[in-house]
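Here is a quick tour of one protein model, written for someone who likes to check things atom by atom. Have the viewer open and follow along.

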Amino acid sequence: MSSPRVPPANSLAAGVKTLEFTGEVLRLLDQTKLPVAEVYLDCRTSAEVALAITEMKVRGAPAIGVAAAYGLVLGGQAYLAMAGRDASCVGLLHHLEQVAASLLATRPTAVNLGWAVKRMLRTTRRLCTGDQTPADLLGALRSEAEAMQRDDVAMNKRLGDHGAALLHHGDTVLTHCNAGALATAGYGTALGVIRSAVAAGKQITVFVDETRPYLQGARLTAWELHKDHIPVTVIADNMAGYVMQQGRISAVIVGADRIAANGDVANKIGTYSLALLARAHGLPFYVAAPSSTVDLDTPNGEAIPIEERPPHELSHLAGQRLAPEGITIVNPAFDVTPAAYVTAIITEAGVLRPPYEEALRGLVAGAARRAG
Ligand code: MRU
């Protein structure tokens with residue numbers, strides 16, 4: 001065995017903060033500026049958090065969920081400052097319901113956003129009936145958001161360890177978009193599996209699709225892995241079939257924005273094509289996601305809302321026009337991979353194999369039990 005490349009203790013996996021709540025601001029690593037500059041953006045209001053999510057300053061399903069939770073805390077702080085001595089728990093709840101609506105309107109596909117917002121509102125309603133002051137209630141909401149942030153990292157680490165067992169020393173993994181520390185509260189899902197395999201002493205090489213049109217693969221995944229000294233090669237999206245045909249890929253691992261009750265998976269546009277290519281080449285196609293990404297209320301992939309992003313994100317690159325004016329552009333941000341193409345779903349509770357319906361129900365029930 002050649003010497004493993006274990007991420008250093010101060011690496012991104014352990015260190016750089018995708019998001020941080022200081023008590024007054026939500027500080028985000030501005031992902032639109034990477035990899036050229038590491039710039040932090042301070043959001044002081046819930047409206048600024050909503051805008052940061054819409055503009056993809058923070059992105060990735062679990063990360064936008066945690067950001068929205070802190071957006072509600074900022075919204076609650078604004079209410080207390082505005083209402084002064086007239087503040088009440090019911091008033092706080094009504095205000096937060098409006099803030100929640102504006103956060104939910106930002107990006108429709110990733111279910112973690114709705115999951116986090118609903119959890120915060122549930123806590124507010126539960127505590128509203130007690131004899132808490134509005135300030136106490138807000139303190140509890142801050143603790144809830146902090147718990148979500150901590151739990152996400154812990155879940156990703158558990159998920160990573162389960163997934164690492166599926167990888168072999170010397171494997172080359174193909175991934176798409178960014179399902180790493182930047183897309184979560186830390187560590188990552190698909191990249192968490194790779195990080196855990198590397199930490200266990202396996203030599204893993206990563207190929208990453210550049211991920212047109214927003215280039216999360218080339219800009220973000222390559223940046224993260226390179227920072228962690230994990231060998232990474234960027235390819236254009238249309239090269240995936242070629243490298244598989246050449247026998248250079250051992251497995252595909254991607255993240256997810258929403259997993260429907262039947263195991264259909266919504267993820268970054270281009271994921272479905274990768275799943276088909278993996279099947280054609282006899283390669284395993286793994287989805288790595290925490291239980292917060294599973295949506296039992298959505299029966300199948302057809303019911304998942306697919307976000308349409310603005311045309312200029314496709315027609316322009318770095319401000320430069322690529323396509324002629326006056327033509328039609330379609331720019332769906334996500335696609336759905338049918339469960340039949342998914343070899344396994346890697347979660348914090350273990351590796352789920354098809355058929356997924358019952359396994360996903362068990363996963364969500366277990367997570368709800370643990371959360372009390
Ligand atoms: O549009 P984005 O960049 O938010 O899309 C992100 C993805 O599709 C990720 O693969 C997904 O959110 C999983 S992140 C752990």
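Let's start with Ala 179, which is buried at a relative accessible area of 9%. Keep in mind that this is a predicted model. Ala 179 sits in the loop that runs between β4 and α6. Setting aside neighbours within four places in sequence, Ala 179 is in contact with Gly 188, Thr 189, Ala 190, Leu 191, Thr 221 and Gly 255.

Thr 189 belongs to the loop between β4 (172–175) and α6 (190–199). Is Thr 189 buried or exposed? Its relative accessibility is 5%, so Thr 189 counts as buried. Not counting residues up to four places away in sequence, Thr 189 touches Asn 156, Leu 159, Ala 179, Thr 184, Gly 255, Ala 288, Ala 289 and Pro 290. Gly 255 turns up in the contacts of Ala 179 and in those of Thr 189.

Now for the rings. There is one aromatic pair in the structure. Phe 21 and Tyr 70 have ring centres 4.8 Å apart and planes at 15 degrees, so they count as stacked. Phe 21 comes from strand β1 (residues 19–21) and Tyr 70 from helix α2 (residues 61–83), so the pair links parts that lie 49 residues apart in sequence. Both Phe 21 and Tyr 70 are buried.

Two lysines also sit over aromatic rings, as tabulated here.

| Lysine | Ring | Distance from ring centre |
|---|---|---|
| Lys 157 | Tyr 187 | 5.6 Å |
| Lys 268 | Phe 334 | 4.3 Å |

How many cavities of 30 Å³ or more does the structure hold? There are four. The largest cavity has a volume of about 190 Å³. Its lining is made up of 24 residues, and Gly 60, Ala 61, Asn 178, Asp 257 and Asn 267 are the closest to its centre. Helix α2 and strand β9 (265–268) each supply at least two residues of that lining. By type, the lining of the largest cavity splits into 11 nonpolar, nine polar and four charged residues. Helix α2, then, contributes to the lining of the largest cavity and also carries Tyr 70 of the aromatic pair.

Key
Residues numbered from 1 in each chain as written. Predicted model: local features only at pLDDT ≥ 70, side-chain atom pairs only at ≥ 80, totals over all residues. Heavy atoms only, no water. Phe/Tyr/Trp six-rings, centres within 6.5 Å; stacked < 30°, edge-to-face > 60°. Helix = DSSP H or I, 4+ residues; strand = E, 2+ residues; numbered from the N terminus. Buried < 20%, exposed > 50% of the residue type's maximum accessible area, 1.4 Å probe, protein only. Lys NZ or Arg CZ within 6 Å of the ring centre and 35° of its normal. Contact = heavy atoms within 4.5 Å. 1 Å grid on protein atoms, 1.4 Å probe; cavity = no way out; pocket = protein on both sides within 12 Å on 5 of 7 lines; lining within 4 Å. Points joined across faces, edges and corners; volume = space filled by probe spheres on them. Nonpolar A, V, L, I, M, F, W, Y, C, P; charged D, E, K, R; others polar.
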